Amino acid sequence: MTIRRIGTAFACCILLAWTASTVGAQPAAAASADFFVAPWGDDGSPGTVETPFATLARARDAVRPLIAAGLTDDVTVLLRGGTYKMTDPVVFGLQDSSPDPYAVTYAAYPDEEPIVSGGKSITGWTAQGDGAWTVTVADVASGVLTFRELFVNGGRRQRARHPNDGFLLVAGPDPAAPPETRMSFAFYPGDIPPETNLAGGELVFLHDWNISRVLIDNVDHAQGVLTVAQPIGPSPAFHVFSQLEHPRYAVENDLALIDVPGEWYLNESTGELTYFPMPGEDINTVDAVAPVAEALLIVRGDGSTEQFVHNLRFIGIAFEHCAWDLPQGGYAEWQAGFYDWRDYPAPYELPSALTFELADARRFEDGRIAHLGGWGIMFGRSCRDCTFIGNVVTDVSGNGIMIGEDRSRLVLDPVDGWQPWWTRRPDQAASGNVVRDNLIQYCGQVLHGTVGTWIGMANTTTVSHNLLRFMPQIGISVGWVFDGTPTPAVWGNVIEYNHIHDVMLMLSDGGGIYTLGIQPETAMHGNLIHDIPLNAGVLDSNAVFCDQDSADFLIDRNAMFNVGNAPLRFHIGGYNIVSNNTLITADAAVPSIRYVTTDPADIILVNNTLRLEAAGVGCGDPVYDVAPLAGLEPSYRARLLSGSYGFVTPNECLCLTCQGDINTSAVVDGDDIQGFVSAMLGGSYSSCADVDGSGDVGGADVAVFVQLLMSDAPCSDPPTGACCETYGSCSEATGIACAMAGGVFHGDGSACTPGLCPQPAGICCLCEACERIGEQACVTQGGIFFPVELACADVEPCPTLPIGACCQPDDTCDIRTQCSCESLGGFYFGDLTDCSAGTPSVYSASPGLPIDGSQTVTHTINVPDSFVIGDVDIQLDLPHTWVGDLRITVDHLGKSASLMNTILFSGCGDDLVSVVLDDEGTGGLVQEQCSIDAAGTFPTSPPNYIPNEPLLVFEGLDAAGDWTITIVDVFPSEDDGRLDAWTLSIDVVDEHICADAP
């Protein structure tokens, strides 16, 4: 009897899930809307439910007169289920903007799924005798059409590839120097099929964190050499052997490579498409689609007038099939889908299927973005308060979701001419955008160095409660400044309660979450990150990787386990707080935290759990306090993890959302019994088995579990309410989950409302001092606030604030922060001003020391003269083939200043010769002078250039003693150089500088 009832409940659950996911089901009753669109409609019709429009563009045009006349209510357009084929994107501009408080909504008809497709159906197949199918595709031979992706019966098919799985290894090492090792390499005998020279095919080459896709010129089987038509790597630093003696590669796009079901090849000369079908595919009914449109939807305001598109909503609509073609110069990636600008002025970034710019209060909800050749969706320049919620993003060649933009766009400054936008117009940064409760998976399918969710030059972004999985590289990336340069455009981003697993599956030097640069008020908390494999390349893969001067982060209450390397890694990091995290390693030789070239004293560790143990699946100890809240929230989980694109994997911890559902199948059935018994005996899944909500698993749970087993209904989510967390934020959670996370629960059915969760006290860095006060009081006093349960003693010294010359009441001049100076009753001259008398003493040395990627070079100048320093300038004579790889610092009497800090991706292929570094330099920041072109000339002084960190830190010290320069070539490659000479110009303090100060 019990078994029969359990089976009935399970069958009902499957039936309900299948019914809910059926596309195009007819509704029980007609819906109400202003206009209707249907695949069988006619754009000449009035757009009613009986006579709908045929296209989204026609519906947009019908709404425009209503907006122009002045809205007095919301406007709704409903799209009937089915596929809407298009070759060009639908564009929404200012005339589609809805004034507050009204919104224009384009939504799916109830219980139906409209699919906007940029694909072309491929029909007319002919079966060949060898099992393959062929068809001649119109317009290919003439050059009008080509495509790189083919989707059959809703799945991506592999373009002809060798090997079928994994990669081949380059035969090496090769002693040749660039550029030769960017254009050819040796392969092992038998690695490449002998029946082709692969001319016109494509090489897929893996670097450590990025890839190259370039055309093949020929294969010389006699010599065992493969030659390409376009250089491998985005610069000479990324040649074939720059990182490994035997790097990985594959070859694609040649008819001779088709040897397994699912592979295909398009002959662009004849237009013939050859496909080797999968088992069970019927030539008469197969649904084959090739993408032809490069974009599907564009919402863009007016950049010249800074006018925004307001209040547009897209709900329940699927966007599929978008094309991207290989650039003429090939695809040589720098990072995250941004590639070498070889075909200037052609693009250096991938196209997005959906693009939003200068748009605010926009909502994209309950939709799907899938089967794309470029990027998925971008909220770019000046997008504000946009929400992306409840969507599936899957099967994307590049990045899935983009928030913000990179640094390259220029704006016209009335004084300085064209300058980077983020230095002159940081107000144009994307801000206040939300990415919540989305299933994001299988991104980077073709361009493997890309990311699930990318946050670039943006601020106050919230990425929360998403499930990210199955990525060749990074899950979430945030921040896009590669050095220690502060920027007002990047701050206040929050990455919280995301569940990230099975990422970094192909490339290295990344993590579940990856960060770059200084990002004040940015936090990562409550994230569950696991199943990160050991890196296949040179550099580590981690759960969280804080790269390249990542600073001012709060990393709090995250759980990381099943990671092949250190769960948390810092590379050239700055000041960060790491608190209340659970970091688990299974190997004693693997550290919980790896610092690389970061000073461990800059990383404030508070109340973290660092454990050595094998970490299996399940939600019990040691990650129980994070797991219940991480990932999709209950109402979204039930919908997104069912149907064609959503499913539950064995290692996804979904506890406390469906009590008793031990195996997370969305129903309590006989398959849960073994897990429940295991929990009773102290095994895994203990939180899921706590069906009575008592906080542990015991005898009282048995009766409740049996009742759940006997129920005919699928399991339902326990009630939720408002949970005030320790940071003062509020989220929806069950009472048990809230308590386990250390929060305060306000009762079942309660809601998060303004003021419900008071802001807690935290540490406030004021001038050189630190206090524990509230956030508002801290900000009012001009301090930097960290909302954590720390004492000031735990964070000394506080982050450095800007400094400058200060005339104190006794007319002495020294270097202080503005608030420190004014608190003493002094006069502050301004940031980066000095107390110099302008009479320098000069000290030089010519060491002629070699520099390469295998060593750290230091040299010391001893200054014999004792006097108080007023100003310091430093001249370098440092020839080097790639100065962008260098990290240069100078130390004196316990103080240190960074002159240049490893920017790698910005060029700098020439020398630093006669370059003067001066806080008042008129040439700008030295590391911004690097040319994108590696062969470009680095300009020499004059003008002088500004160092990465102010040399003011030495002012007020005694000049006498050792001054030490340290040079690290952080990129282990074949470039090298020398420290020929360096010079100190040290001014004495001007004793009369304060005489005329107010």
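**Note on the predicted model**

1. In strand β21, V289 is the bridge partner of F151. This belongs to the antiparallel pairing of β10 (residues 150–152) with β21 (residues 288–291), which runs over two bridges; strands are DSSP runs of E with at least two residues, helices are runs of H or I with at least four, both numbered from the N terminus, and two strands pair if DSSP finds at least two bridges between them.

2. The model is predicted, with local features needing pLDDT of at least 70 and side-chain atom pairs counting only at pLDDT 80 or more, while totals for chains, interfaces and linings use all residues. Residues are numbered from 1 along each chain as its sequence is written, and side-chain values use heavy atoms, with hydrogens and water left out.

3. The open sheet has four strands in the order β7-β21-β10-β11, with antiparallel pairing. Its edge strands, each pairing on one side only, are β7 (119–122) and β11 (155–157).

4. Helix α6 (residues 673–680) packs against helix α8 (residues 699–710) at an angle of about 175°, their axes lying 11 Å apart; axes are lines fitted to C-alpha atoms, for helices over the stretch in contact, and angles run from 0 to 180 degrees between N-to-C directions. The two helices, α6 and α8, are therefore roughly antiparallel (an angle over 145 degrees).

5. In this packing, I673, F676 and M680 of α6 meet G699, D701, V702, F705 and L709 of α8, contact meaning heavy atoms within 4.5 Å.

6. The chain holds 11 helices and 76 strands, and 57% of its 998 residues count as buried (under 20% relative accessible area, 1.4 Å probe, protein chains only).

How values were computed
Angles under 35 degrees count as roughly parallel, over 145 as roughly antiparallel, 65 to 115 as roughly perpendicular and the rest as oblique. Buried means under 20% relative accessible area, exposed over 50%, partly exposed in between (1.4 Å probe, protein chains only).
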